[in-house]
Every structure is written in structure tokens, then in C-alpha cells.
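Trainee: I have a model to go through with you. Can we take it piece by piece?

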Amino acid sequence: MIPGEREIDQIAEYADASVRTVTRRGSLAPIKGRHGVNAWLYARWGNRGNALYTFTGGLLTIALSGALAWLLEEPLVFPSLGATAFLFFETPMAEVASPRNTIIGHYVGAAIAYGWLIVFGLADAPSALEAGFGVERAAAVALSVGCTGGVLRLLRAAHPPAGATTVIVSAGLLTSGEELLALAAGVALLTVSAGLLNRVLGVPAPRWAF
């Protein structure tokens, strides 16, 4: 039985993009139970509607995080959260975009990175941007990325943006206790705000996991 356009979209988005052999209407795989604004945008404009949805979600949630970061003078926004925001609004029903995978992914990545900083005596050292990459720093970054990927796979909590978080910490960009707490708060803030916005706009995203 040859899969239809919607089935091909779903397989391609979550498993294997090589199955795409037909013209697609949009980039988002079909979302069972979608309604409201999200469903209207997809039905009305197809891929352009999806683009508008991703733009709106990313803009509003990162703007909120940025505003709070400015008011509190804390690093609640950092590079890997941009990738997480894309997942929340581009593939909101994927396991990698679930709150469970997001929280576990970023937190495990940060913890592993800090652990390797301690091992190599870099916890209080200047960042890689200030001091450059020595052997110890390069080893800490490489081991952090490798261990994060392996541990998250064992936990069945894959979240690709966590690979950037572990580099941020292992490179020495966010390492103090206050900075790591702000990092954790930034992840939680984006996860909650994106989850709420998705559900308000008609995407039945999971509250924790599938």
C-alpha cells in the first residue's frame, strides 16, 4: 500500500526524509487533533501558514524570555534555546520537542559539561573566548558532547539543542552557580511558555511526555 501525502509528511518529518517523492503542501507533519489558529493557518496557506506559525511562536516566546532576561539581568536566553524554540513550533508533536526531553536534555548537558570542567580543573578558568582552546578545554568540550549524546540516548530523552548547551558550559561561557541557575530557569521558562502558546493556538502538545 502506497502511503498518501499526509503519511509521507509524517514519516519524513520524524523518521526518513528520503520517502518524500510527492509535492507537499506544508513542512509540518499532520498533527492529530490540531484545531483553532494552527489548523486554520495550515488549511488556509499550507506551508506559508506553517512558516507564520513558527515565526509567531518563536518571536513571542523568545521575546518573553529576552524581556525577563533584561529586567532581571540574568542570562535567561542563550544560543541553544533558539534551536529548542524551533522544535517547539516546527515539530511540536515530536518526542524530541516534548517538555520531558527538553528539560532532561538541557539539564543533563549542562551537568555533564560542568563535571568535565571540574575534572580538567577549568571550573573557574577564563572561557575559551578569553583564553583560547588548550588541550584540556578541547578535551572537556569533546567529552561533554559525546557523553551528553550517549546519556540522553540511554535515557530515551534525545533533544539535539542540548548538544549546544553542553558546549556553552564546557567552553566556559556559563559556569558560575548563578549562571547555571539562570540557564535552568531559561530552559524552564521557554518550555512552559511554548507549551502554553501551542495549546492556546490549537496544537495539543504534551504537558510532559507522550
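Trainee: What covers the buried residues of α8?

Mentor: This is a predicted model: local features need pLDDT of at least 70, side-chain atom pairs need pLDDT 80 or more, and totals for chains, interfaces and linings use all residues. Residues are numbered from 1 along each chain as its sequence is written, and side-chain values use heavy atoms, without hydrogens or water. In α8, A162, T165, T166, I168, V169 and S170 are buried, that is, under 20% relative accessible area with a 1.4 Å probe and protein chains only; exposed is over 50%, partly exposed in between. Contact means heavy atoms within 4.5 Å, and the cover includes α4, α5, α7 (135–154) and α9.

Trainee: How are the helices defined, and which residue just after α8 takes a positive phi?

Mentor: Helices are DSSP runs of H or I with at least four residues, strands are runs of E with at least two, and numbering starts at the N terminus. Just after α8, a phi of about 85° belongs to G172.

Trainee: What does α9 reach from its first C-alpha to its last?

Mentor: Helix α9 covers residues 177–200, which is 24 residues. The expected span is 1.5 Å times one less than the number of residues.

Trainee: Which elements cover the buried residues of α9?

Mentor: The buried residues of α9 include A182, L183, G186, V187 and L190. Further along, A194, G195, L197 and N198 are also among them. The cover includes α3 (47–72), α4 (79–90), α5 (99–119) and α8 (162–170).

Trainee: Which element gives the most to the lining of the largest cavity?

Mentor: On a 1 Å grid over the protein atoms alone, a cavity is a set of points where a 1.4 Å probe fits but cannot get out; a pocket is an open set with protein on both sides within 12 Å along at least five of seven lines, and lining residues have an atom within 4 Å of a point. The largest cavity is lined by L87, F88, P92, A97, P99, A194, G195, N198, A205 and P206. Two or more lining residues come from each of α4 and α9. The top contributor, with three residues, is α9.

Trainee: How much space lies in that largest cavity?

Mentor: The structure holds one cavity of 30 Å³ or more. Points are joined across faces, edges and corners, and a volume is the space filled by probe spheres set on them. For the largest cavity, that is about 60 Å³.

Trainee: How many charged residues are in the lining of the largest pocket?

Mentor: Ala, Val, Leu, Ile, Met, Phe, Trp, Tyr, Cys and Pro count as nonpolar, Asp, Glu, Lys and Arg as charged, and the others, Gly among them, as polar. The lining includes E95, R100, R153 and R156. The pocket has a volume of about 210 Å³. Its lining divides into four nonpolar, two polar and, for the charged class, four.

Trainee: R156 has a positive phi; is R156 buried or exposed?

Mentor: Most residues other than glycine have a negative phi. R156 is not a glycine, yet its phi is about 55°. R156 lies in the loop between α7 and α8. With a relative accessible area of 70%, R156 is exposed.

Trainee: Where is E73 found?

Mentor: E73 has a positive phi too, near 55°. At 71% relative accessible area, E73 is exposed. Its place is the loop between α3 and α4.
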